[in-house]
Number of protein chains: 2
Amino acid sequence: MRTVHVDLQERSYPIYIGSGLIDQPELLSRHIAGGNVLVVTNETVAPLYGERLGHSLQGYRTETVILPDGEQHKTLATADRVFDRLLAARMDRQTTVIALGGGVVGDLAGFVAATFQRGVHFIQVPTTLLALVDSSVGGKTAVNHPRGKNMIGAFHQPRCVIADVDTLHTLPDRELRAGLAEVIKYGLIDDYAFFQWLERNLQKLLERDGEALMYAVEQSCRNKAHVVAADELEAGQRALLNLGHTFGHAIETATGYTEWLHGEAVAAGMCMAAHMSRELGWINDSALARATTLIESAGLPTRPPALPAARFMELMSIDKKAQSGRIRLVLLQGLGHAVVTGDFPAEALQRTLAHFSGQAA
Amino acid sequence: MRTVHVDLQERSYPIYIGSGLIDQPELLSRHIAGGNVLVVTNETVAPLYGERLGHSLQGYRTETVILPDGEQHKTLATADRVFDRLLAARMDRQTTVIALGGGVVGDLAGFVAATFQRGVHFIQVPTTLLALVDSSVGGKTAVNHPRGKNMIGAFHQPRCVIADVDTLHTLPDRELRAGLAEVIKYGLIDDYAFFQWLERNLQKLLERDGEALMYAVEQSCRNKAHVVAADELEAGQRALLNLGHTFGHAIETATGYTEWLHGEAVAAGMCMAAHMSRELGWINDSALARATTLIESAGLPTRPPALPAARFMELMSIDKKAQSGRIRLVLLQGLGHAVVTGDFPAEALQRTLAHFSGQAA
């Protein structure tokens, strides 16, 4: 087992990365407060891992909420149903909420943990690659609003993350690839050595080699933990983690959060960010090609769906990374060197949007 | 103008206490981030102070949400309507939410500010005595759930509080008295000198003497700020502020939050806590009589409504101050000396509940 320590003063916590961790009750019990546990999971994950997690929770009074699968259920109304279950079961302030599932389950369960009785303990047991490398670090919790993704939420750090890479064996190929988009992101942002490792080892990850997966998860979590520790509440540099996300959220909003997986939208978004960085003269053709090729070899889309440039602009301007209407983007000044900036000529963005709207998937 | 500084490290903020403060734009502008402001108020307060606050907000892009008046609207559904307004108006992360009103408006607007885009700036302009002395310090935000009051919420500190005591001139008598319950509470918890001052000056407060009100608000805020600074997230000693509240919440739940004002329920709850403290031999008959007399002279109830003791117990056990089913109470070891404890013989509580159920209002 490897442990990545997320350093946030009194909110610090460990990420345990390994094989068979769900079956180790002592990892959980170290971080559970009180005797009450609420497990939040979904109808896909519950049959796969619900019983094993239940075994590790013997001795606790445990309630389980099984949500329908899908981003469309990450709403305030679903959260309200979970609150109702908590209160009907007389769960008190000393309750620990455990998220067993992917990003949707983690975000929603985290939001419930953040706001139930003004905050209770929270543990993440992620079962998708995206959740392992993204949602498990940073304390972001949220639900969607019909007018925008993740518009309602809170920062609420987990007490620990149980990152059992065995769970990736049941993950559909498409979701594995979507998770790799975020893994590649960490290489692009701030870790050229990891980017190079990915260029060499992508095939192993696609084949679900256990050692390679553990390494990729560990490096991703370390990279994210490093950025988050420096900027817990996303005042500045943490926005680096949004590489590809402003473009990506526009894609997700345009397609109603159903056709594109988050990681797929981020993959196309990173290609757009790389293209725009080349337009600005910040990276050269070779760097753009390497970024795009790595994303393509992961079986991920490198272009957005067909959308007029004006519509893309409109969708980007509601994104919450916009500050008072001005669009800020994460762009590349090199492979492994991303920057957050609102300081670019509008024409560069226009050229990139025109390029991709004329070359749509 | 007097200023009470609430000391919470990087979340520290000032409470400005004085007359005519709503008309001073510079107090607000010091603490507004960005150019967008959302004012949340209600249909009673909006006609009284909405326009004056609007004048002080010239130069900002301001949206106003006017809620119906009443605790029954402090729900997740109402919060969702406010989120919708924020998003429809394209308000971004740099928005400042201003609560203009009493505790309900403050709690709901604070919850919206805590969770909109994972947290935006928040300013309180309280217009009731209860809000001036209670909600303005501590960062508690919440909405109610059908199964319990304040069950969904977050800790979110305001950037400043504009405590304009002139607003108390339009407050109905009954609400002024309800606010005095919390003022008396601060004397009982930890400030015997203030308790004595209240014994001498209660009449002036009932007559809305400006100087007396400012002094009472200042002392109350100082007392609360002192407790909150030592325990921001209510892990321990902050629970002292719940004197009368566990009994009081049971009264409010039993009466559906409509018949009793919060302060009235707290007043009766404090009398019950004082009675139980006498039952335990912690305070003598004279102290019990002085506490009860002060509450009675404020025109506040000193007894709960007719409720069987068993029903009272049931209502108290769902209160969120209960830890894993065990009831913890705030009791008195003297006037100006409250303690939080779960360590008392069950019979003492039973005797108090029996006493009051046989002597109901």
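**Helix packing and domain contact**

Analyst: The crossing of α3(A) and α4(A) is right-handed, the near helix being turned clockwise from the far one by less than a right angle. Helices (H or I, at least four residues) and strands (E, at least two) are DSSP runs, numbered from the N terminus. This is a predicted model: local features need pLDDT of at least 70, side-chain atom pairs count only at pLDDT 80 or more, and totals for chains, interfaces and linings use all residues. Residues are numbered from 1 along each chain as its sequence is written, with chains lettered from A and ligands numbered from 1 in the order in which they are written.

User: Are α3(A) and α4(A) parallel, perpendicular or oblique to each other?

Analyst: Helix α3 (residues 76-88) of chain A packs on helix α4 (residues 103-115) of chain A with axes 10 Å apart. Axes are lines fitted to C-alpha atoms over the stretch in contact, and angles run from 0 to 180 degrees between N-to-C directions. The angle here is about 55°. Angles under 35 degrees count as roughly parallel, over 145 as roughly antiparallel, 65 to 115 as roughly perpendicular and the rest as oblique, so α3(A) and α4(A) are oblique.

User: Which residues of α4(A) does α3(A) meet?

Analyst: Contact requires C-beta atoms, placed from the backbone, within 7 Å. From α3(A) come Thr78(A), Ala79(A), Val82(A) and Phe83(A). They meet Leu108(A), Phe111(A) and Val112(A).

User: How far apart are the centres of domain 1 and domain 2 of chain A?

Analyst: An automatic or database assignment sets the bounds: domain 1 is 2-170 and domain 2 is 188-357 of chain A. Taken over C-alpha atoms, their centres are separated by 26 Å.

Note on methods. Contact = placed C-beta atoms within 7 Å.
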